[in-house]
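Reader: I am new to this structure and would like to go through it by question and answer. Please show it first.

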Amino acid sequence: MDSDRFMTSSKQNTKQLLQKKIQYLESLISNLKREEELLSYRDADSAVKLEFKNESLVKKLEEVDRELWERQEMEVYTEEEIAISETVFERLDEARNLQQKVQELLVFEMNESKKEFWEFSIKRRLKTHLMQSSGLSWTKNYC
């Protein structure tokens, strides 16, 4: 009797863990969609803030995966749990595809920032060079 109760309890926990994983994945997908939207508006700062939130979600997903992995050897999955697992895999694929898009956009923004920095740096050096070569100096009271 106790082993049956344990199996029922264990099954509920597996189902709950799979549902929790789906919730985390849906939050991650929502954040990635928002991040993609922000990057389309060239708002990299806000997108990066969301990226940090995503890190905590990924850690929570890893914890759930560890728990599921530990249960794996002692359980046989029900039809309902297999159906929930299929939903998990669908969400994982969606999250992976969105993450690839967001990563490409982040790399683009990073490269654009580098270009802007180099343009600014070159203009600054050019301005300094022109000021030095044009004979302007503090001793002649020219600014």
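Reader: In which helix does Ile122 lie?
Author: The model is a predicted one. In it, Ile122 forms a nonpolar surface patch with Phe117 and Trp118. The helix that holds Ile122 spans residues 79-133 and is H3.

Reader: How many salt bridges does a search of the whole structure find?
Author: Side chains of opposite charge can pair when their charged atoms come close. One case is a network of salt bridges that links Glu26, Glu90 and Arg91. For the whole structure, the search gives a count of nine.

Reader: How far apart are the closest N and O atoms of Asp65 and Lys21?
Author: Asp65 and Lys21 form a salt bridge, and their closest N and O atoms are 2.3 Å apart. The pair links distant parts of the chain, with Asp65 in helix H2 (residues 44-72) and Lys21 in helix H1 (residues 2-40), 44 residues apart. The atom distance asked for is 2.3 Å.

Reader: Is Lys21 buried or exposed?
Author: Buried means under 20% relative accessible area. Lys21 has 9% relative accessibility, so Lys21 counts as buried.

Technical notes: Residues numbered from 1 in each chain as written. Predicted model: local features only at pLDDT ≥ 70, side-chain atom pairs only at ≥ 80, totals over all residues. Heavy atoms only, no water. Patch = residues over 30% accessible without salt bridge, like charges linked within 9 Å, V, L, I, M, F, W, Y side chains within 5 Å. Areas by Shrake-Rupley, 256 points an atom, 1.4 Å probe, with all protein chains shown as cover. Salt bridge = Lys/Arg side-chain N within 4 Å of Asp/Glu carboxyl O. Helix = DSSP H or I, 4+ residues; strand = E, 2+ residues; numbered from the N terminus. Buried < 20%, exposed > 50% of the residue type's maximum accessible area, 1.4 Å probe, protein only.
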